[in-house]
Amino acid sequence: MSAGTEVLLVLTNLPDAASADRVTKVVLESRAAACVNRLPACASAYWWNGAIEQAVEIPLLIKTTRTAYPALETALREVHPYEVPEIIAVPLAAGLPAYLGWVANETRQHPD
């Protein structure tokens, strides 16, 4: 697999189901992601503006490629409701070749 088709796992958290649905739809319809897994709500604690905050958030696990990542980050920044959204990309060390190929294929721009 070439460097551009290296598969990344991107993590982000959303404040509610409606936001998670909106983000999922945008990144899939734009082909910036091949797959999005929405996990159950979780408790988050973090520093924000000098104080420790607590919130219930919905994690998303997004599969994309290094080539598609810039479009994914742009889409997330445009639709994410947070001022500074968590957007973390982790390269995959290994994976089923057929699955990794599927992610690469689905994040290419396809004609409508």
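## Close-up views of a predicted model

**View 1. Leu-72, a buried residue of helix α2.** At 0% relative accessibility, Leu-72 counts as buried, and this residue is found in helix α2. The model shown in this and the following views is a predicted one. Leaving aside residues up to four places away in sequence, Leu-72 touches Val-10, Val-27, Ala-32, Ala-33, Ile-62 and Thr-64. Ser-30, which is 42 residues from Leu-72 in sequence, is 8.4 Å from Leu-72 in space, taken from C-alpha to C-alpha.

View 2. Helix α2 covers residues 69–79, and its residues Tyr-69, Leu-72, Ala-75 and Leu-76 are buried. Seen down the axis of α2, these buried residues fall within an arc of 125 degrees, and they therefore line one face of the helix. On the face of α2 that is turned away from the buried side, the reader will find the exposed residues Arg-77 and Glu-78.

**View 3. Val-23 in helix α1.** Val-23 lies in helix α1, and because its relative accessibility is 0%, it counts as buried. When residues up to four places away in sequence are not counted, Val-23 touches Leu-14, Leu-60, Leu-76 and Val-79. One of these, Leu-76, is also among the buried residues of helix α2. Between the C-alpha atoms of Val-23 and Asn-105, which are 82 residues apart along the chain, the separation is 21 Å.

**View 4. Helix α3 and its buried face.** In helix α3, which runs over residues 97–106, Leu-100, Val-103 and Ala-104 are buried. Seen down the axis of α3, the buried residues fall within an arc of 100 degrees, so that they line one face of the helix. Strands β1 and β4, the latter made of residues 51–65, are included in what covers these buried residues of α3.

View 5. The place of Ala-93 is in the loop between β5 and α3. With a relative accessible area of 84%, Ala-93 is exposed, whereas Val-103, in helix α3, is buried. Ala-93 and Val-103 are 10 residues apart along the chain, and their C-alpha atoms are separated by 15 Å.

**View 6. The largest pocket and its lining.** The space in the largest pocket comes to about 230 Å³. The residues that line this pocket are Asn-13, Tyr-46, Trp-47, Trp-48, Glu-57, Tyr-82, Glu-83, Val-84, Pro-85 and Glu-86. Sorted by class, the lining holds 6 nonpolar, 1 polar and 3 charged residues. Strand β3, formed by residues 42–48, gives the most to the lining of the largest pocket, with 3 residues.

**View 7. Asn-13, a lining residue of the largest pocket.** Asn-13, which is one of the residues that line the largest pocket, lies in strand β1, a strand of residues 7–14. Its relative accessibility is 12%, and Asn-13 therefore counts as buried, since buried means under 20%. The side chain of Asn-13 makes a polar contact, at 2.5 Å, with the side chain of Glu-86, and Glu-86 is likewise a residue of the pocket lining. With residues up to four places away in sequence not counted, Asn-13 touches Glu-57, Ile-58, Pro-59, His-80, Tyr-82 and Glu-86. Among these, Glu-57 and Tyr-82 also line the largest pocket.

**View 8. Two loop residues with a positive phi.** Most residues other than glycine have a negative phi. Arg-31, although it is not a glycine, has a positive phi of about 65 degrees. Arg-31 is found in the loop between α1, residues 17–29, and β2, residues 35–38, and because its relative accessibility is 27%, it counts as partly exposed. Asn-49, another residue other than glycine, also has a positive phi, with a value near 55 degrees. Asn-49 lies in the loop between β3 and β4, and with a relative accessible area of 69% it is exposed.

Methods. Residues numbered from 1 in each chain as written. Predicted model: local features only at pLDDT ≥ 70, side-chain atom pairs only at ≥ 80, totals over all residues. Heavy atoms only, no water. 1 Å grid on protein atoms, 1.4 Å probe; cavity = no way out; pocket = protein on both sides within 12 Å on 5 of 7 lines; lining within 4 Å. Points joined across faces, edges and corners; volume = space filled by probe spheres on them. Helix = DSSP H or I, 4+ residues; strand = E, 2+ residues; numbered from the N terminus. Nonpolar A, V, L, I, M, F, W, Y, C, P; charged D, E, K, R; others polar. Buried < 20%, exposed > 50% of the residue type's maximum accessible area, 1.4 Å probe, protein only. Polar contact = N/O pair within 3.5 Å; in protein donor to acceptor, adjacent residues only side chain to side chain. Contact = heavy atoms within 4.5 Å. Arc of directions from axis to C-beta.
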